[in-house]
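Try each task yourself before you read its solution.

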Amino acid sequence: MINNTVTNKKFSQLPQHAWALLVCQGLNVSLLVSELTSWMLLIISVCLCWRGLTLIKPAIKPQRLMILLLACSGSIAIAISGQELGVLLSMLHLLCFAYALKSLELTTRKDFYQIVLLGVFILASVLIFSQSLFLSFFVFCLLVLNLSLLSAYFSTPLPLKNNLYQSGKTVLQSIPLAVVLFVFFPRVAPFWQVPSAKSAQTGLSESVTPGDIAHLARSSALAFRVKFFTDIPQYNQLYWRAMVMDDFDGRTWQQSNISSVKNTGITNTPDITPATLIGEQTRYQVMVEPSYQRWLFSLAVVNPESLKDNQMTIDQGPNYTIINSKPVSQTSSYQISSYPQSLLNSPLSDHQWLTSLRLPSASNPKLQAQGRQLSLRYPDVIERAQAILNIIREEDFYYTLTPPLLTGAKSGHELDQFFYQTKKGFCVHYASVFTFMMRASGVPARLVTGYLGGEYNKQSGHLSIYQYDAHAWAEIWIKDQGWISVDPTSAVNPERVESGLSQMLQQEALFNNDFLNLHRYKHLAWLNNLRLQLDALDYQWTRLVLGYSSKKQYYLLKQWFGHLRAWKIAAIIGGALILLMSVMWLVNLKSAKRKPQVKWLAQYQQILALLKAKGLTKPDTMAASQFSRLVIERFPLLTTNFIAYTQSFEAIMYQALTPEQKAQCLIEMNYYQGQLTKQLKKLPKKPKVSD
Amino acid sequence: MQHLVSAILVQVGSVVLGKPNEIRLALACLLAKGHLLIEDLPGMGKTTLAQVLAKTLGLSYQRTQFTSDLLPADVIGISIFNPETKKFELHRGPIFNQVVLSDEINRASPKTQSALLEAMEEHQVSIDGTTYPLPQPFFVIATQNPIIHAGTYPLPESQLDRFMMRISLGFPDIAAEKQILQSESSHTSYKKLLPCVDTDKLIAMQAAVSQVTVSDNIIEYVIALNHVSRQQGFSGRPLSPRAGQALVSAAKAWAFMDERTYLIPEDIQAVFSAVCQHRLESTPVHFGEYQQQISEQVIGQVNVLNPLNS
């Protein structure tokens, strides 16, 4: 690093690009802000700020020993917190740390290479965490910026704009090649696996207390998308089941057999008996966003056979749910079929019977009493359920996403407080109360969480289900019919069940601080259209690019080229490469044959066009210098700039210049071009002088 | 060096009134080592311009009035037997001057004309088998009357081509003519003039002119101009490569006088008419059939910014 040979040109010779590099570094790291710990962000910003200061005052450059100490202590800190961060994140921390620290040590060409390379590596690692269309596009733009800094280092001093254009062109040219490799290159199982990120779980949680889902209702993040291959069911039939909670401790609902599922992943627990599938089937594909949970979404009742045909390893969960073999850490899709008309009519085991009736004896005494009372008044279970719904419908209950906090009463009495005092709540409150009362009256009942409905996108014909579609409802067990879904929310707010959260409710509670959220402006037709278009675009990206699995590739190639052999794939890739290169070669050949419209000539023509618009046309046979006198006579305001402009233009055209001088001249010409363009646009149009 | 240029222009302009552009062209021709032909009616100041130029440039000069009975020996010189030394001694003619002023060149017989023109081309003369070099720098400034005038032998095209430029002065405007009539006679005024430069400086200026750079774009422009004159249906005579050479040299001198080290199209356009008009004009079938606008026609057919594709 010390040998300052000719090739190790000092980087500090280009201070303006040093600033651009610093900004670029900041942008690269900013994409990882949500993955980095706060102390690492602090270190990185200190390093980058220090680098900025050294650019202003080179004297405060840190000593080598200091950098070494910083590097050692930082690495140790990462090593210590490695246990907590996991492999992937600690490696990422190390990468970002090195990237920031390297900016303090930029002296030679080699350092510069390293820093650009690290930057590109960081951009690649951003895509581990999210692959959405917009993020990918942003990463692409940043890639161009990084590469343009690299090319700026080798070209003659030109404005960064020119380098951006150059590297943008190069990267765009590489896209066809990338597409060919993406489509055809065999997806070999990786020799080493990217460790999946340990990230906070999103979406529904595995236990529910009244008040829980409200925070989801405030989020407009995408939960999953669905594409139906058969007719789309009615909105009020779209109950996306995720988890079934049959264990209640007086405050919180959770799954009774959750521990067994979590630990062993064994799904063939004895209480799963296949439902009898009747009626028409509904086939659909679900594309889930990463939730870092294993629960997947389905309409009841899933055909277990349809689970097997997927890239993901999906198993049947307890109570007719489906679960993935590992937490969903990236956008993935599965295709299943359901039989909505079937009954969840598996016989109840004794254990299940007990769990589904269990109530903590001391909790919510008023509700328990009323439940018992109802069981005497309505011996028929359905009538009894109807009676509870009638109470909810007829008394003045309110559906609101901002209910008062239920803390006034003793712990375990929240449902009493809600039902008899506040009377304001949303789906979880009503479903909890309903389930509680049914249990109190001696009917097995349980709480189901999931999503309700979804937004239909006409563009691509898919449904988008957002976090604010999260919902909870109840299931009661009736002899001979099995589990029946009852949605108590429909009694208090039928609109929610028929068409989703109303505009008013969203305005009341949702996104109240987030003015940039497009979901906030659903009442503005054009904005809503734009949002739906973007959604459709993102859907296609998810389906075609992210969903292009090795299995899909296999089927696609088989369909196109018949039985697959290694030599066939090699021939396809080779052929495509040769085709691409010959196309590029032909294009180049053609453009080389055409006398290239020289840049400065094109620029000069632009100014001539502007002047023409103002009524002054340059005869083709008039020399530029002669024309400048004509311009000055007509527009005295332009005198200084136009003379200087013409001089630099003629110098480029007719003077024997070295490339450096030419570049300098071009910069001058660009400057006056800008000035003249500004001035000319302001000038009033004068009528052509007739002579 | 450019201050010398302006000093020369001012001094010549103080005698030849109201003709700055013609003076500039004449000086450009001399700086480009070319010979100058001034064509105009009698009494327009042709001779005055030639004399003042020679004097201002500090060169030795001699004027010869060409007549129909002038013989080549009268221009070049003659060897005469000296009875005392019993040897032939050379009596040098007016051609052994740095500036040779040939007044009314088209009044002399073709034989005498060609003797002069050979000397112009070769920069040397041969008398009785001995070759004598001519002094450096060497200019011929010739004047001629329009060929419709009686008693003239028009210069053939091949000899016209030897002159880098042909200029004509034209009538002065009212202010200039007023000044001419009021001032003392030009004969007395130019004799008082002092030279602005010496021979060394003039040669240095000529060297500087040849250093002016010519880019490919300019070469293309010149080629395009030549090409226009060679197209079928063009009414004038085609331009030769030598015409192109003369054009570039003259334009270089023009650029030098403009304090530039490179040629721009405007230099070419400025000297084009002076350099090419006499090469383009076809010999009139009838007296008086001049093709006044022919050089403008050529210029008007070439796109400056994209010469070869116009």
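**Exercise 1. A hairpin in chain A**

Task: find how many residues lie between β15(A) and β16(A) in their hairpin, and which residue in the turn has a positive phi.

Solution. Step one: β15(A) and β16(A) form a hairpin with three residues between them. In that turn, A:D480 has a positive phi of about 75°. Before going on, note that this is a predicted model, in which local features need pLDDT of at least 70, side-chain atom pairs count only at pLDDT 80 or more, and totals for chains, interfaces and linings use all residues. Residues are numbered from 1 along each chain as its sequence is written, while chains are lettered from A and ligands numbered from 1 in the order in which they are written.

Step two: look at the pairing (two strands pair if DSSP finds at least two bridges between them). Helices (H or I, at least four residues) and strands (E, at least two) are DSSP runs, numbered from the N terminus. Strand β15 covers residues 470-478 and strand β16 covers residues 482-486, and the two pair in the antiparallel sense over five bridges. Step three: pick out one bridge, where A:W477 has A:W483 in β16(A) as its partner.

**Exercise 2. Two helix pairs**

Task: at roughly what angle do the axes of α12(A) and α13(A) cross?

Solution. Axes are lines fitted to C-alpha atoms, for helices over the stretch in contact, and angles run from 0 to 180 degrees between N-to-C directions. The axes of α12 (residues 414-422) and α13 (residues 427-440) of chain A come within 10 Å and cross at roughly 105°. That makes α12(A) roughly perpendicular to α13(A) (65 to 115 degrees). The contact (C-beta atoms, placed from the backbone, within 7 Å) is made by A:L415, A:F418 and A:F419 of α12(A) and A:H429, A:S432, A:V433 and A:F436 of α13(A).

Next, turn to chain B. The axes of α10(B) and α12(B) come within 12 Å and cross at roughly 30°. That makes α10(B) roughly parallel to α12(B) (under 35 degrees). In their contact, B:I218, B:Y221, B:V222 and B:S229 of α10(B) meet B:P265, B:I268 and B:L280 of α12(B).

**Exercise 3. Where the chains meet**

Task: how many residues does each chain bring to the contact?

Solution. Chain B brings 17 residues and chain A brings twelve. On the side of chain B that touches chain A, α10 (216-229) and α12 (265-280) each supply at least two residues. α12(B) gives the most to this side, with three residues.

**Exercise 4. Buried or exposed?**

Task: is B:D103 buried or exposed?

Solution. A residue is buried if 20 or more other C-beta atoms lie within 10 Å of its own, exposed if 12 or fewer, and partly exposed in between, with C-beta atoms placed from the backbone. B:D103 lies in strand β5 (residues 99-103) of chain B. Because B:D103 has 20 C-beta neighbours inside 10 Å, it counts as buried. Leaving aside neighbours within four places in sequence, B:D103 is in contact with B:T47, B:R63, B:T64, B:Q65, B:F66 and B:T143. B:R63 is 40 residues from B:D103 in sequence, with 7.2 Å between them, C-alpha to C-alpha.

Helix α3 (residues 46-56) of chain B is mostly covered, with ten of its eleven residues buried. Just after α3(B), B:G58 takes a positive phi of about 70°.

Technical notes. Two residues are in contact if their C-beta atoms, placed from the backbone, lie within 7 Å. Angles under 35 degrees count as roughly parallel, over 145 as roughly antiparallel, 65 to 115 as roughly perpendicular and the rest as oblique.
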